[in-house]
Amino acid sequence: MIESKFPHIGTTIFTTMSALASDVGAVNLGQGFPDFGCDERLTALVTEAMRAGHNQYPAMAGVPILREGVAAKVASAYGKAYDPATEITITAGATQAIHTTLAAIVRPGDEVIIFEPVFDSYEPAIRMHGGVPVYAQLQFPDYRPDWQQVRSLITPRTRAVMINTPHNPTATCWQQGDFDQLAAILRDTNVVVISDEVYEHMVYDGHPHLSVARHAELAERTYVISSFGKSYHVTGWKIGYCMAPAPLMAEFRKAHQFVVFTVNAPAQYGIANFMRFNTHLGLPAFYQAKRDFFLAAVASSRLRWLSSRGSYFVSAVYSHLPEYAHLSEAEFAIWLTTKIGVACIPTSAFYHRQVDHRVVRFCFAKKEVTLELAAERLKTL
């Protein structure tokens, strides 16, 4: 037997809650994946790519037509020109892009600032690459950054700041002033920004996605990461991309070539050809309709629902319910799954010290019949 390198890392909350949901037959609104299929044109184009012989190793950085498609989309959406030859790399999902970025820039003992509640893969990824996570707190219940605190956390050891907007798990979005504040804090430093923007096409109520790519000053020090899996309802394909100025991307590719070398060839060609349909333009309305449908269906439940400005999540507070307020978020999530038949995720799982505000997160990237069934069960609380 070996001594564990990561003795404090266990099974993710998503695996735990999904397994419990399956065991008890609960509606799974916990893990963030759609229960509906992707556009049939996309699968047809991937099949076509296979039949055309695109089944061997593609270029290490990704097939050129896909990188060119990403560059065109980003230029149109955010007004930022990335060179597909030197500044865009196709990755095996956003998680690989995050790991590869950390592998490229973090040395043992380097500090990486993250914002809690934080997606649960960030902290282990930082530690796996020898870094030290440093925690900035998003302020409950609005989950806004405390910029004075962030400024106080910058030290000579700070190597990177990881941000995520639209934010998982809180469904909040950064505002222009947030980017300006971060730019001012980092202006006289060599700190790199890692921006996880996998929910970039899920921003609601008429608001645009404020990508770091829009912010000229920050873009020069930022790795921007996104996901085709989220945008095209194919989370199981694990294909994403990373963009950065050429000097940063050169370092990224040094690591990338030895982490995965390259990514599924037929899927790359299929996605590249599918991008011409611009289906991502309809995603805000598509997911906003699901959000609104679900919130209307649960309006008469006793849970208090927080706003969902982006992503495909919405959170609910139960601290005002005397018969449940004594339960921790983890206990309430298990009870809700086993007794009510709806799986969710306790927000405390996104804090390194299990901060508990009596909030649980639900995913509404589901068929209406799924959301309706979940709502009927939640209204029995």
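This report covers a helix, a pocket and a loop residue in a predicted model.

## Basis

In this predicted model, local features need pLDDT of at least 70 and side-chain atom pairs count only at pLDDT 80 or more, while totals for chains, interfaces and linings use all residues. Residues are numbered from 1 along each chain as its sequence is written, and side-chain values use heavy atoms, with hydrogens and water left out.

## Helix α10

Helix α10 covers residues 246–259; helices are DSSP runs of H or I with at least four residues, strands runs of E with at least two, numbered from the N terminus.

Leu248, Met249, Phe252, Arg253, Ala255 and His256 are the buried residues of α10 (under 20% relative accessible area, 1.4 Å probe, protein chains only). They pack against α3, β2 (88–91), α4 (93–105), β8 (222–227) and β9 (240–243). Phe261, with a positive phi near 65°, follows α10.

## Second largest pocket

Helix α3 (residues 64–78) also gives the largest share of the lining of the second largest pocket, six residues. The lining has 19 residues, with Lys73, Ala77, His201, His280 and Leu281 nearest the pocket centre.

## Ser348

Ser348 lies in the loop between β13 (345–346) and β14 (359–363) and is buried, at 3% relative accessible area. Leaving aside residues up to four places away in sequence, Ser348 touches Glu329, Ala330, Gln354, Val355 and Asp356 (heavy atoms within 4.5 Å).

Conventions. Buried means under 20% relative accessible area, exposed over 50%, partly exposed in between (1.4 Å probe, protein chains only). On a 1 Å grid over the protein atoms alone, a cavity is a set of points where a 1.4 Å probe fits but cannot get out, and a pocket is an open set with protein on both sides within 12 Å along at least five of seven lines; lining residues have an atom within 4 Å of a point. The expected span of a helix is 1.5 Å times one less than its number of residues.
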